[in-house]
Amino acid sequence: DGVTPMPTDRVSLWRAFNGESVVNYPMIIAPDNLPKREIIAQAVPLYDSKKVLIGAMGSMCDVTESKRVTQQLREIEVYALHIAYHDTLTGLANRAHFLKDTKEHGPCPDDQITALLYIDLNKFKLINDTMGHRIGDILLCRAANIIRRAAGEDGFVARLGGDEFVILKRVDKASCAKVIGLSIM
């Protein structure tokens, strides 16, 4: 852990002196006044021709930087996926996310259906043309927040582009039939 001294019987070279082969043993070395280093140790016992233990050989590899870079790459990947599947203005899922989600979305249980609500803010271009894109962007963000709240926790909301939004939501067949007055088979 970089704080607790390692017991002698856990040190890889000591283990090899006692006949054990050690492979990819993680350790943390924390020298005084220096940053901690993550190490991977290897050690093997050495035997003579009569199979008598005569020593041990070990090696250590500093993997601190490699682990840091790997973590950075994971963070970049998460960020890139977020950018690829979310609208930068509203933070909602974008068209690509909507298409991916609808393809990957499994079938509903027998007692549910998937409801799709398409929302088009009519004549929104007029707002951008007369009041400017800054005002238009503010209104789009407000509309997105209203739609997000209306969809509820279990609704999937996406901005398809421009002034077009969708809500996907699984609903109970029985409650849906009551609302629209139909019998759903």
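Student: Ground rules before we start?
Tutor: The model is predicted, so local features need pLDDT of at least 70 and side-chain atom pairs count only at pLDDT 80 or more, while totals for chains, interfaces and linings use all residues. Numbering runs from 1 along each chain as its sequence is written, and side-chain values use heavy atoms, with hydrogens and water left out.

Student: How many helices and strands in the chain?
Tutor: Six helices and six strands. Helices (H or I, at least four residues) and strands (E, at least two) are DSSP runs, numbered from the N terminus.

Student: What pattern does the chain follow along the sequence?
Tutor: α-β-β-β-α-α-β-α-α-β-β-α.

Student: Compact globule or more spread out?
Tutor: More spread out, because the radius of gyration is 30 Å, well over the 16 Å that the globule rule gives for 185 residues. That radius is taken over C-alpha atoms, and the rule is 2.2 Å times the number of residues to the power 0.38. Along its principal axes, the C-alpha trace spans about 90 × 50 × 30 Å.

Student: What share of the residues is buried?
Tutor: Of the 185 residues, 23%. Buried means under 20% relative accessible area, exposed over 50%, and partly exposed in between (1.4 Å probe, protein chains only).

Student: And what about the accessible surface?
Tutor: About 13,100 Å², with 59% of that belonging to carbon and sulfur atoms. The areas come from the Shrake-Rupley method with a 1.4 Å probe; for residues, only the protein chains shown count as cover.

Student: How much of the contact set involves residues 24 or more positions apart?
Tutor: Such pairs account for 50% of the contacts with a separation of 6 or more. Contact means heavy atoms within 4.5 Å.

Student: Switching to charges. How far apart are the mean positions of the positive and negative ones?
Tutor: 2 Å, for 23 positive and 23 negative charges. Lys and Arg count as positive, Asp and Glu as negative; His and the chain ends are not counted. Each charge is placed at NZ of Lys, CZ of Arg, CG of Asp or CD of Glu.

Student: How many salt bridges?
Tutor: Eight. The rule asks for a side-chain nitrogen of Lys or Arg within 4 Å of a carboxyl oxygen of Asp or Glu.

Student: Which residue pairs with arginine 37?
Tutor: Aspartate 62, with the closest N and O atoms 2.8 Å apart. Arginine 37 sits in strand β2 (residues 37-47) and aspartate 62 in strand β3 (residues 53-62), so the pair ties together parts that are 25 residues apart in sequence. Arginine 37 is partly exposed at 31%, and aspartate 62 is partly exposed at 39%.

Student: What does aspartate 87 pair with?
Tutor: Arginine 159, at 3.0 Å from N to O. Aspartate 87 is in the loop between α2 and α3 (95-104) and arginine 159 is in strand β5 (residues 156-161), so this pair links parts that are 72 residues apart in sequence.

Student: Is that aspartate 87 buried or exposed?
Tutor: Buried, with a relative accessible area of 15%. Arginine 159 is buried too, at 11%.

Student: And where does the aspartate 129 and lysine 125 pair sit?
Tutor: In helix α4 (residues 124-131), four residues apart, which means a separation of about one helical turn. Aspartate 129 and lysine 125 are both exposed.

Student: New topic. What does tyrosine 25 touch?
Tutor: Leaving out residues up to four places away in sequence, Met6, Arg10, Arg15, Ile39, Ile40 and Ala41. Tyrosine 25 lies in strand β1 (residues 22-29) and is buried at 18% relative accessibility.

Student: Which residues does histidine 97 touch?
Tutor: Tyr85, His86 and Phe156, with residues up to four places away in sequence not counted. Histidine 97 belongs to helix α3 and is buried, at 18% relative accessibility.

Student: Where is phenylalanine 17?
Tutor: In helix α1 (residues 12-17). Phenylalanine 17 is partly exposed at 40%. Its contacts, not counting residues up to four places away in sequence, are Leu53, Gly55 and Ala56. Its C-alpha is 8.1 Å from that of leucine 46, 29 residues apart along the chain.
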